[in-house]
Amino acid sequence: MDGWMDGLSMGYSPSLPQRRSMAEGHTHENDWMNDQEKCLPNEVKILRRTAQVSAMLTIIRDKETPRSDFIFYSDRIIRLLIEEALGHLPYKHKSVMTPTGATYEGLAFDTKLCGVSIIRAGESMETAMRAVCKKVRIGKILIQRDEETALPQLFYVKLPADVSDRFVLLLDPMLATGGSAIKATEVLLERGVQEEKLIFVNLIAAPEGIQAYHSRFPKVIIVTSEVDSHLNGSKYIVPGIGDFGDRYFSMQQEEGGNDVMVNGSFAHVVSRVKQSSQIRTGSSNPQWERGT
């Protein structure tokens, strides 16, 4: 096991005195995060911890939080994560004239960008990305676990035709084992996206997931709000947040025992299409590519 994993084996969630210090507005609110970052690869970027961020994370981690509040505060944190990810894109120098007649030496975006969400939970991050990036194009990838092999299997992919020319923000709120993220990244690389042009944005990460993903794709930047302690026997992140997709999209049982999305998630639509065997390979539209 890598040395940085050993350093995270006990977890680095802020202690009670540190949380109290943050709540009281003391200046050491990021000391615990700096210790955590020292144990992580340089490519892992943790959202700057403030009392506000800590409070929002506390709300969405609470199992008693109503769904409306869970969505509201998750969206706020995700927007901060998208903003952080954008700071790792290339920029170029640009001079502009201000209304006072003075010249301002600043920066301008220097790349084309798109987002790719891993269905279903990754779709929750699309709203924040569209709010931050005007007219951004967003692709989708659906990966399901094969019941016989337990391995992630590509089922559906829709990407911009020129995805290989763009920087890509890969969106998935939870990095647990890393299986789905690894498969999604393989799909993007197969379609010409350069590894160094990928930024993986997630809300909560487990050390095991970071290790698995970073060992495969060491050039990809990972942006997250917090790295938790470990995975439990059921592969849930601890202390974690539960099943993010279920809490965000809200699952109900229909007659017959099948799970149904209350808000008609894209993943639910695709699953229905899969059941009726309407998706086939060989699409003539280059923007709609289907995987098997």
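## Confidence

pLDDT is the predictor's confidence in each residue, on a scale from 0 to 100. This is a predicted model: local features need pLDDT of at least 70, side-chain atom pairs count only at pLDDT 80 or more, and totals for chains, interfaces and linings use all residues. Residues are numbered from 1 along each chain as its sequence is written, and side-chain values use heavy atoms, with hydrogens and water left out.

The protein averages a pLDDT of 80, and 72% of the residues score at least 70. Residues 253-264 stay under 50, and the model has 22 contacts for them beyond four places in sequence. A contact means heavy atoms within 4.5 Å. Residues 272-292 are also below 50, with 34 contacts beyond near neighbours in sequence. Where pLDDT is low, the predicted coordinates should not be read in detail.

Mean confidence is lowest in strand 17 (residues 288-289), at 35. The highest mean, 98, belongs to strand 9 (residues 198-201).

## Overall build

The protein has ten helices and 17 strands. These are DSSP runs numbered from the N terminus: helices are H or I with at least four residues, strands E with at least two. Of its 292 residues, 45% count as buried. Buried means under 20% relative accessible area, exposed over 50%, and partly exposed in between (1.4 Å probe, protein chains only).

Among contacts with a separation of 6 or more, 61% come from residues 24 or more positions apart. Glu-84 sits in helix 5 (residues 67-86) and is partly exposed at 27%. Beyond four places in sequence, Glu-84 touches Lys-45, Leu-47 and Val-223.

## Salt bridges

A salt bridge here is a side-chain nitrogen of Lys or Arg within 4 Å of a carboxyl oxygen of Asp or Glu. The count is 13. Side chains of opposite charge can pair when their charged atoms come close.

Asp-228 bridges to Arg-61, with the closest N and O atoms 2.7 Å apart. Asp-228 lies in the loop between strand 12 (226-227) and strand 13 (230-231) and Arg-61 in helix 4 (residues 51-61), so the pair ties together parts 167 residues apart in sequence. Asp-228 is buried, at 5% relative accessibility.

Asp-246 and Arg-120 also meet at 2.7 Å, N to O. Asp-246 is in helix 9 (residues 244-249) and Arg-120 in the loop between strand 4 (113-119) and helix 6 (126-132), 126 residues apart. Asp-246 is partly exposed at 30%.

Glu-126 and Arg-130 form a local bridge at 3.4 Å, N to O; both lie in helix 6, four residues apart, about one turn of the helix. Glu-126 is buried at 7%, while Arg-130 is partly exposed at 46%. Salt bridges with shared partners join Arg-49, Arg-61, Glu-226 and Asp-228 into one network.

## Aromatic pairs

The whole structure holds seven aromatic pairs. Rings of Phe, Tyr and Trp (its six-membered ring) pair if their centres lie within 6.5 Å; planes under 30 degrees apart are stacked, over 60 edge-to-face, and the rest tilted.

Tyr-213 and Phe-217 are tilted, at 5.2 Å centre to centre and 55 degrees between the planes. Tyr-213 is buried at 0%, and Phe-217 is buried at 4%. Tyr-248 and Phe-249 are edge-to-face, at 5.2 Å and 70 degrees. Tyr-248 is buried at 9%, as is Phe-249 at 7%. Ring pairs link Phe-70, Phe-244, Tyr-248 and Phe-249 into a cluster.
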